[in-house]
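Student: I'd like to learn how to read the packing of a protein model. Could you walk me through it?

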Amino acid sequence: METGERLQLTAEERDQVSHAVHVAEQGTNAEIVPMIVSRSGFYRDAQHRAGLLFALSTLTILLSTEIAWLPWAWHASNAAWLVLATILAYGVGAWFGTRASVIRRLTSTHRMRHKVQLRAERAFIKHTVGQTREGTGVLIMVSLLEHQIYVLADQPLFQRVPVERWSSVVEAAVNRLKTGDIVGGLCQGILACGVLLAEVCPGRPGDNPNELSNELVHEP
């Protein structure tokens, strides 16, 4: 699957994610919100870089092979053809720059991680993950284009769990995500998160309401 493009999910796959959330929340009072997004940023700078790379390469090739296509003498029209060819090459390169694989090659890991973090923070607010009664909401977001999974917990819960413990949730999902099994990887992360939350935020019998929907949030 060319990640970064829209992912089509079946009803069974959505149910699989919801069931994983249901199972994970059985032993904890915390609330898990699963989310898949196609991308966390537009990365237009990658398009410009690809366009510039194509344009410079085309110009270099044309000038270095000038003898082959300019056998007699330089004319003003030749300059016009050079400019036109360079502009066309820029357009082709910019189009290639919209491809997920090209964006990943032309964008630093740090920049993509920052974009994913910002997207997760916006989603956390938009989907009211921070409005549980005890501040125990957790967002698990897979961003396809960037090949990243981000876990964002509400502040009270985040302070009770060391960072490396949250990393274990990501590690549980990564192996299956790398094979292209997006739903399977997300479910693995959800279940690992449930085990962690059951330790630090165990459920109370008779007092464990389902405050946030278990349904998968799927956005472009």
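This is a predicted model: local features need pLDDT of at least 70, side-chain atom pairs count only at pLDDT 80 or more; totals for chains, interfaces and linings use all residues.

Student: Which residues have the most contacts inside the largest nonpolar core?

Tutor: A nonpolar core is a set of buried Ala, Val, Leu, Ile, Met, Phe, Trp, Tyr and Cys residues joined through side-chain atoms within 4.5 Å, buried being under 20% relative accessible area with a 1.4 Å probe, protein chains only. Here the largest has 33 residues, and Ile36, Val138, Ile140, Leu157, Trp166, Ile190 and Leu197 have the most contacts inside it.

Student: Which helix gives the largest share of this core?

Tutor: Helices (H or I, at least four residues) and strands (E, at least two) are DSSP runs, numbered from the N terminus. H9 gives the largest share, nine residues. Apart from this core lies another, of 13 residues, including Val116, Ala120, Leu139 and Leu152.

Student: What does Tyr150 touch?

Tutor: Contact means heavy atoms within 4.5 Å. Tyr150 lies in strand S3 and, leaving aside residues up to four places away in sequence, touches Val116, Gln117, Ala120, Leu139, Ile140 and Met141. The C-alpha atoms of Tyr150 and Ile61 are separated by 43 Å, with the two residues 89 apart along the chain.

Definitions and conventions:
Residues are numbered from 1 along each chain as its sequence is written. Side-chain values use heavy atoms; hydrogens and water are left out. Buried means under 20% relative accessible area, exposed over 50%, partly exposed in between (1.4 Å probe, protein chains only).
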